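Colleague: I would like to go through this model with you. Could we begin with the ligand site and then turn to the packing?

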Amino acid sequence: MGDGLSPRRVLYNGNEIPGIGMGTFGSDRYSPAEVAAAVAGAIRGGYRLFDCAAVYGNEDLIGAVFEEAINSGVVKREELFIFSKVWNDRHGRGEVLLSLAKTLRDLRLDYVDAFFVHWPFPNYHEPGCDGDARNPNSTPFSPDRFMATWQQMERLVDMGLARSIGMSNMTVPKLEAVLKRCRIKPAVLEMELHPCFQQPRLFDYCVARGIQPIAYCPLGSPNRPERDKTPEDLVDMEQPEVLAAARAHGIHPSAVCLKWAIQRGAIPIPFSVHEKNYLANLRASQGEPLTGEEMAALAKADKNCRLIKGQVFLWPGARSWEDLWESE
Ligand SMILES: NC(=O)c1ccc[n+]([C@@H]2O[C@H](COP(=O)([O-])OP(=O)(O)OC[C@H]3O[C@@H](n4cnc5c(N)ncnc54)[C@H](OP(=O)(O)O)[C@@H]3O)[C@@H](O)[C@H]2O)c1
């Protein structure tokens with residue numbers, strides 16, 4: 001990679017990270033085998049960063065792909081940058097290490113490059129549940145409880161099992177409550193980011209503190225699970241500012257979303273199982289950048305349109321999904 005548009009970025013702890021990666025969440029739509037096959041093709045095509053998670057239910061098959069790629073000399077382990085995440089039901093005492101141990105066994109690795117707290121509370125839902133599902137044991141965010149989980153994450157760095165640690169689905173108020181208590185600061189933060197949902201306050205807050213934003217749903221997740229769709233949701237790849245830049249450069253609107261993300265300073269992790277699409281996404285990170293005028297027009301396209309609302313994580317008595325995000 002790399003003609004300047006998709007540079008390898010350097011995290012605050014000195015670890016280098018590719019400027020674009022590939023997601024591996026099959027959105028309850030693609031089987032573990034289909035996602036693993038796409039990871040194999042993506043490694044051959046030049047991807048080096050993969051966003052995995054225990055809850056995606058496919059780490060064992062993806063691990064077989066990593067092992068094969070490394071053993072056959074297609075890629076060296078140190079060239080790969082592998083994310084994984086602890087799911088919400090493994091936040092308790094001693095659980096985070098056990099979760100990473102299973103992930104490492106499944107991924108067939110000795111360490112992950114970054115390990116994330118997937119959501120900042122222990123509320124979870126059954127895989128593939130519908131949008132109305134609620135877990136009666138769910139509770140609001142608690143800084144003390146989060147820190148007990150984070151201290152387990154910090155020990156994974158001490159043990160060399162995770163080179164960096166990260167948070168995901170955070171807000172500025174939540175970060176304000178916990179960052180000052182972290183012995184090891186997060187190096188990466190996964191957040192929903194696409195032209196219609198730019199989270200400028202959270203994005204700038206992270207950048208100012210040396211935390212690298214990782215953009216999930218960078219294309220506006222057109223095939224996200226049904227539980228994550230509402231009639232008000234906007235379609236990023238149909239926004240006039242996106243279409244105008246696509247026409248001007250003769251590229252697909254998906255490439256505009258990715259160039260915008262990278263030029264803004266994020267690391268996007270688009271997903272596809274289709275070779276044509278995932279290779280096009282990698283190519284989009286290279287080649288001609290968007291102009292300053294196009295970047296300015298896209299900045300104005302923000303509609304504060306959150307797609308992954310997280311309503312399945314609400315606790316009894318919560319009013320709406322906005323309670324999860326302090327209405328940011
Ligand atoms: N931390 C978290 O809580 C969290 C939450 C959500 C997602 N994520 C991560 O972020 C990754 C990406 O998010 P996402 O998969 O929801 O959304 P996304 O990457 O914005 O969108 C993926 C969809 O866009 C389509 N697509 C991909 N490349 C395309 C192209 N070049 N042209 C046209 N369409 C294209 C794909 O359709 P086809 O399948 O038809 O190619 C795919 O279904 C996930 O896989 C996961 O790893 C993390």
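Colleague: Which helix provides the largest share of the shell around the ligand?

Modeller: Please bear in mind that this is a predicted model. The largest share of the shell comes from helix α9, residues 275-284, with 3 residues.

Colleague: And how many residues surround the ligand?

Modeller: There are 29, and the closest are Gly 23, Leu 219, Ser 221, Phe 271 and Ser 272.

Colleague: How does that shell divide by class?

Modeller: The shell around the ligand has 14 polar, 12 nonpolar and 3 charged residues.

Colleague: Changing topic: which residues touch the most other members of the largest nonpolar core?

Modeller: Val 39, Ala 114 and Phe 115 do, in a core of 85 residues. Helix α8, residues 253-264, gives the most to this core, namely 7 residues.

Colleague: What is Phe 115 in contact with, neighbours within four places in sequence aside?

Modeller: Its contacts are Ser 84, Lys 85, Val 86, Leu 100, Met 153, Leu 156, Ala 162 and Ile 165.

Colleague: At what angle do the axes of α3 and α4 cross?

Modeller: The axes of helix α3 (residues 95-107) and helix α4 (residues 143-158) cross at roughly 50 degrees and come within 8 Å.

How values were computed. Residues numbered from 1 in each chain as written. Predicted model: local features only at pLDDT ≥ 70, side-chain atom pairs only at ≥ 80, totals over all residues. Near = placed C-beta within 6 Å. Helix = DSSP H or I, 4+ residues; strand = E, 2+ residues; numbered from the N terminus. Nonpolar A, V, L, I, M, F, W, Y, C, P; charged D, E, K, R; others polar. Core = buried A, V, L, I, M, F, W, Y, C linked by C-beta atoms within 7 Å. Buried ≥ 20, exposed ≤ 12 C-beta atoms within 10 Å, placed from the backbone. Contact = placed C-beta atoms within 7 Å. Axes fitted to C-alpha atoms, helices over the stretch in contact; angles between N-to-C directions.
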